Amino acid sequence: MKTKFVTTIILIGCISSMLISCNNPANKTLEETLNIPSDKALEIEKHFSDREIGVTAINPSENSIVKELDQAFEAYDITSDDAKQYLLIVRTEDKSYCAILGENLEIIDGAIDNTMFPINEMIEETLNIPADKALGIEAHFSDREINIVAINPSKNPIAEELDQAFEAYDITSDDAKQYLLIVRMEDKSYCAILDENLEIIDGAIDNTMFPSSSTLF
C-alpha cells in the first residue's frame, strides 16, 4: 500500500512537470537551449513574466558586446511576443540567472557588475554612471570593433566649441587610435563617436551641439 502511494506521488509529480512544460512554451525553450532542468527554466522564465515579457525565442547571443563578457558568464538573445529584443545573462557553470538587459543594454531585471564586463569600469568611473549605462555606451564602440583602453575628459580644441548641454571624452583604442565620445551633460546619454578627423563613426551630431563651429558644419 505504501509503495503504491509513493508511486502515485511520483506519477503526479511527473504529470505536473509535463503540464508546466506544456503550458509554458517559454519554459520549454529555455530548458532546451540552456540545457537545464525544467524547474530552473521556470525560475528564469519567471523573471521575464514578472516584467510582462513573453519569451518566444532564445538563442546564443550574437550581440557584439558579448565578446567583452567574462568567460564565467553566458549571454542569450531573447525575442519577446511583441518582437522586442533582450539579452539574458547567466552563469556558465550552473546557468544560474544574473540579469535581463533591454535593447539599449539597460538593466530590466537583475544586476550586472564589472566582473561580468571588466572594460566598463573605465567608462563607469570617468562618466560617473551606472554599469548598465556604461555597457550601453561601450556597445557602440564594440559594434565598430573599437576596444577602449583609456577614456579621459577631452582636451581636443573642438570640445571648446561644444554646447554646454554636452560633454566630450577622448577615447584611446587598443590600436592607439583616438576617438571623441560625445554625451549629454544631464544624464550622460550617448550621442556620437567621432574619429581623429572628427568624422562621425557612430551616432549623430548637429549644430545644436556645436552652434559656433566652422570645423564641423
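Below are some questions and answers on this predicted model.

Me: Which residue forms a salt bridge with Glu 167?
Reply: Happy to start there. Glu 167 is found in strand 7 (residues 166-173), and the partner sits in the loop between strand 8 (178-184) and strand 9 (190-194), so the pair ties together parts that are 21 residues apart in sequence. The closest N and O atoms are 3.8 Å apart, and the partner is Lys 188.

Me: Is Lys 188 buried or exposed?
Reply: Let's apply the cut-off: buried means under 20% relative accessible area. Lys 188 has a relative accessible area of 15%, so this residue is buried.

Me: Which side chain does a polar contact of 2.7 Å join to Glu 167?
Reply: Good one to check, since Glu 167 itself counts as buried at 16% relative accessibility. Beyond four places in sequence, Glu 167 touches residues including Leu 162, Ile 182 and Met 185. The polar contact, though, is with the side chain of Tyr 169.

Me: In which helix do Asp 50 and Lys 46 both lie?
Reply: Their side chains meet in a salt bridge of 3.1 Å, N to O. The two are four residues apart, about one turn of the helix, and both lie in helix 3 (residues 38-50).

Methods: Residues are numbered from 1 along each chain as its sequence is written. This is a predicted model: local features need pLDDT of at least 70, side-chain atom pairs count only at pLDDT 80 or more; totals for chains, interfaces and linings use all residues. Side-chain values use heavy atoms; hydrogens and water are left out. A polar contact is a pair of N or O atoms within 3.5 Å; within protein, one must be able to donate a hydrogen and the other to accept it, and residues adjacent in sequence count only if both atoms are side-chain atoms. Contact means heavy atoms within 4.5 Å. A salt bridge is a side-chain nitrogen of Lys or Arg within 4 Å of a carboxyl oxygen of Asp or Glu. Buried means under 20% relative accessible area, exposed over 50%, partly exposed in between (1.4 Å probe, protein chains only).
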